[in-house]
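Me: I am new to this structure. Please take me through it in short questions and answers.

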Amino acid sequence: MSTVVEVMEKTTGAMSSAELAGEQHSRATVGDFTVADARMACREVEVWYGPKKAINGVSLDIGKNEVLSMIGPSGCGKSTFLRCLNRMNDTIDGCRVTGSILLDGQDIYDKSLDPVPLRARVGMVFQKPNPFPKSIYENVAYGPKIHGLTNNRAELDALVESSLRKAGLWDEVKDRLDQAGTGLSGGQQQRLCIARTIAVSPEVILMDEPCSALDPIATAIVEELIDELRSQYSIAIVTHSMQQAARVSQRTAYFHLGDLIEIGETNDIFTSPKHRLTEDYITGRFG
Amino acid sequence: MTDENPPRAASDLAGGHTVRRYDEELAKLRAIILEMGEHVVGQARSAVMALVDRDDSQAYRVLDREPQIDYLSLDADEEVFRVIARRQPTAVDLRIVLALSKIASDAERAGDKAKIVAEQALELKKLSGDSDYLRDDLRAALGRLEDAACSMFERSIRAVVNFDVALSLAIFEDEPRLSDASTEVRHLLGEDDQKGLSQRQVVCLLTCAHGLVRIGNHASNIAEQVIYVALGQDVRYRNREILIETLHHQGY
């Protein structure tokens, strides 16, 4: 429906994109993929790795103050799609993205748009906690410093504290801010990464299986944090845990072989999904 | 659902999990419910037989067998807890577990109603001695009420086997027959020429009729749960005529 913006103009071999696209029609998505107050609006998004199409014309909105979970079997494209939302796929050689992805109405693949500040506006938390090999303080302060978000040390201190508080970590680390972030437990490291993401005032937070390396207690703390963060941010989370998707999100999107099969209210998806593939997956009948 | 999105066969709703043990657990839960249902139908028919034949031994057999249904109800609850705790069911599985739990409750309560009919049969026998307290027309009306209630309950349990929407629909369509039979019994008991019966006898017979009607009502509740599983729609408290018309419109 929108103009096609090619991010990476790479040769895809003997077969043209059109020919390849002709081989794989996108399936119609079941459910309304739009929301009234969209923070991000994705339309007909396709992702290609060389000649291979990984995402097949996906359209969906991410609303303000909502958690959208993306579920699906391995290789379904959910992480690939997530990485499109802050142009992380730009770093992959041979990957190109078509369609449109708007953040507050602005095309994030516009050639004039610098992806570095975009990644501050659309932050990302990864599967494995990846704190910098620096102090806890520096882990949080690093982003604001390079983006020039504070004017002096006092402002930076205040930002570090507020970010750690929002991430529910302040009380646990306030007396050891100079210690290495890598010395924290896995759950604390993940919350430190969330604090690091929050510190640069994002509008959207992307989470790629943020709890898969955490124990159930740490997972519960992060899930509680996700629920609290929703009041200020839009959150898109990729998870392999159906229970986690059911617990933390308001809407759920089910991906299958690069298609967005179904999207809807999480309550509906987990009680009465409309598509057979969705039902098969969430009830453990897939494959 | 479209060609790309074919509905699952009703008979396959509870099966096909990657973890086969999950299939077995759901099958076990359903088997308990089906066994309960069979017992309830048997109990209801025996209780009415005890009533119309003035057969004490038949009534006592109903009372003796009633705890079996209660024990099965406990087994069903245990299985429901176990499946929820171990499998955290979602979507159709969640609907199946919730529905079977409610169906177990309906079957248990229907079993109680059969027991009440048997108790009333014994009470009537005690009140009436060897005299036949049922006039032919009342006997026939009670037979029609029993037939409507038991046939509804029997079909509701059969509907659970394959989560059969069409069979559930047939039960809804049979509700007027149950209602008419109940009205007929009440009218006959209210007629002047039933004066041969004492007030206590009339109360006993009305209690029996009410118990049979309730068995039919439990059958309708079960049919609603079957539709909830198969179609994912909660049809309780919906206008029955509109529901029947809608289901017909959907091809059932």
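Me: Why is strand 10 of chain A largely enclosed by the rest of the structure?
Reply: A residue is buried if 20 or more other C-beta atoms, placed from the backbone, lie within 10 Å of its own, exposed if 12 or fewer, and partly exposed in between. Strands (E, at least two residues) and helices (H or I, at least four) are DSSP runs, numbered from the N terminus. Strand 10 of chain A is largely enclosed because, of its 7 residues, the number buried is 6.

Me: How is the model made and numbered?
Reply: The model is predicted, so local features need pLDDT of at least 70 and side-chain atom pairs count only at pLDDT 80 or more, while totals for chains, interfaces and linings use all residues. Residues are numbered from 1 along each chain as its sequence is written, and chains are lettered from A and ligands numbered from 1 in the order in which they are written.

Me: What is the strand order in the open sheet of 6 strands?
Reply: Two strands pair if DSSP finds at least two bridges between them. Strand 6 (122–125) and strand 10 (259–265) of chain A each have a single partner strand, so one side of each is left without a neighbour in the sheet. The pairing in this sheet of chain A is mixed, and the order is 6-7-8-3-9-10.

Me: Over how many bridges do strand 9 and strand 10 of chain A pair?
Reply: These two strands form a hairpin with 2 residues between them, and L257(A) in the turn has a positive phi of about 50°. T252(A) has G264(A) in strand 10 of chain A as its bridge partner. The pairing of strand 9 and strand 10 of chain A is antiparallel, and the number of bridges is 6.

Me: In which sense do strand 3 and strand 9 of chain A pair, parallel or antiparallel?
Reply: L68(A) stands opposite R251(A) in strand 9 of chain A. Strand 3 (residues 67–71) and strand 9 (residues 251–256) of chain A are joined over 4 bridges, and the sense is parallel.

Me: Which are the edge strands of the open sheet of 4 strands in chain A?
Reply: This sheet has the order 2-1-4-5 with antiparallel pairing. Inside it, strand 1 (residues 38–49) and strand 4 (residues 95–103) of chain A pair over 8 bridges, and W48(A) has R96(A) as its bridge partner in strand 4. Pairing on one side only are strand 2 (52–63) and strand 5 (106–107) of chain A.

Me: How many residues of chain A are in the contact with chain B?
Reply: Residues are in contact if their C-beta atoms, placed from the backbone, lie within 7 Å. Chain B gives 18 residues, and helix 3 (residues 91–128) of chain B supplies the largest share of them, 4 residues. The number from chain A is 16.

Note on methods: Two residues are in contact if their C-beta atoms, placed from the backbone, lie within 7 Å.
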